[in-house]
Amino acid sequence: MTALSYCDPPRNAFMERLGTKGALSLDRHIRIAIMTHQFPALTPEQKKALSGIAQRIVAPGKGILAADESVGTMGSRLQRIKVENTEENRRAFREILFSSDASINQSIGGVIFFHETLYQKDSSGKPFPDVIKDKGIVVGIKLDKGTAPLAGTNGETTIQGLDGLAERCAQYKKDGADFGKWRAVLKITDATPSTLAIQENANTLARYASICQQHGLVPIVEPEILPDGDHDLQRCQYVTEKVLAAVYKALNDHHVYLEGTLLKPNMVTAGHSCPKKYTPQEVAMATVTALHRTVPAAVPGICFLSGGQSEEEASLNLNAINQCPLPKPWKLTFSYGRALQASALAAWSGKPENKKATQEAFCKRAQINGLASKGQYVVSGKSDAAAKQSLFTASYTY
């Protein structure tokens, strides 16, 4: 404060020239500027813990299994393989994934749970979080409560779940979770996303992230731009840059500790109905360019969602992203749900005797994506039909 003291002769003379009103105005702005640095949001110990968790999740070659599908969404997955949507069937499939050989921890650094799954157990009575943790994998939890209409917009939405979030974060931390996930949804049309939708979702993500960190959870920040529509690659890149710039402005405003966060964005891809098809290299250049322009280097990892791409397409695009020649100060990896489970679900088909084949399909896909996260995936040409099948769902929710 010495440099700002009224006793400083040059400053005193400057204040006299400003006059009383001007001096008061300047002093007010100085106090506001100082105020942002007077109230640290986290202790050094909290920061170290959050940073450590984030780094474990995105250690080299590792990504995230998003097993946080809601009851309804899991039901639609089971329906495709003609399996009834019961709690036991949902539990049984996830047990098969979670009980894969411990070597899966070479490719999977974190698993996102749905509330129901966090409190389920394997066949021996062992809680699922313990099954995952015993493999050295970090447990996460889905925290948002779905979309709600944003009045006065063209069908745009905001995300519910801030009410009671602090209490839920505290409880989930006690119950074994070390990171959270919150998905905001934006769409591309000629008139969207609107400024209101971008700002509202950015601020909601930032508030969620702040609450997570206060309770020891690393927040995964997920501003998903849906692939619905016929927009081209350039339009998606433009919108992605605008959305991510707003998100990081909001995170900064809310004093979120970036080293203790992860980003889960869409890859920059053309709309599902776009007549022009782009190569993985074109997707990679557009994606890394958008990230390079908007995401601070302090963020330890960027874990892409698959956005309805086939398993193989999601792996090829991730591989190309990691081979992109542009600077990449973050780990660029995956947080896949459909693109890690489609082949496994097809192999399982609800039959206990297919457990081994199911685990092999899951582990194979995880290993491929682990390689892709290092830019080391070499296509063998032997991908099965399930891996090449489009997983796109219009206006996807889960």
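Tutor: Begin with a definition: helices (H or I, at least four residues) and strands (E, at least two) are DSSP runs, numbered from the N terminus. This is a predicted model, where local features need pLDDT of at least 70, side-chain atom pairs count only at pLDDT 80 or more, and totals for chains, interfaces and linings use all residues. Residues are numbered from 1 along each chain as its sequence is written, and side-chain values use heavy atoms, with hydrogens and water left out.

Student: In which helix is the place of T117?

Tutor: The helix covers residues 115–118. T117 belongs to helix α5.

Student: Is T117 buried or exposed?

Tutor: Buried means under 20% relative accessible area, exposed over 50%, partly exposed in between (1.4 Å probe, protein chains only). The relative accessible area of T117 is 0%. T117 is therefore buried.

Student: Which residues does T117 touch, not counting residues up to four places away in sequence?

Tutor: Contact means heavy atoms within 4.5 Å. With residues up to four places away in sequence left out, T117 touches A67, R94, F98 and F128.

Student: With which side chain does the side chain of T117 make a polar contact?

Tutor: A polar contact is a pair of N or O atoms within 3.5 Å; within protein, one must be able to donate a hydrogen and the other to accept it, and residues adjacent in sequence count only if both atoms are side-chain atoms. The contact here is at 3.1 Å. The partner of the T117 side chain is the side chain of R94.

Student: How many helices and strands does the chain have, and what share of its residues is buried?

Tutor: The secondary structure comes to 14 helices and ten strands. The chain has 398 residues, and the share that counts as buried is 56%.

Student: Among contacts between residues at least 6 apart in sequence, what share joins residues at least 24 apart?

Tutor: The count takes in contacts within the chain, between residues at least 6 apart in sequence. The share that joins residues at least 24 apart is 79%.

Student: How far apart in space are V299 and E259, C-alpha to C-alpha?

Tutor: V299 sits in the loop between α10 (280–294) and β9 (301–304). V299 is buried, at 0% relative accessibility, and its contacts include L258 and W330. In sequence, V299 and E259 are 40 residues apart. From C-alpha to C-alpha, the distance is 5.2 Å.

Student: Which residue does a cis peptide bond join to T192?

Tutor: Most residues other than glycine have a negative phi, and most peptide bonds are trans. Here omega is about 5°.

Student: What is the phi of K82?

Tutor: K82 is found in the loop between α3 (71–80) and α4 (87–98). K82 is exposed, at 77% relative accessible area. K82 is not a glycine, yet its phi is positive, at about 60°.

Student: What is the phi of S349?

Tutor: S349 lies in the loop between α12 (338–348) and α13 (355–372). S349 is partly exposed, at 28% relative accessibility. The residue is other than glycine, and its phi is positive, near 55°.

Student: How many disulfides are there?

Tutor: A disulfide is a pair of cysteine sulfur atoms within 2.5 Å. C169 is buried, at 0% relative accessible area. The closest cysteine sulfur to that of C169 is in C212, at 4.1 Å, so the pair is too far apart for a bond. The count of disulfides is zero.
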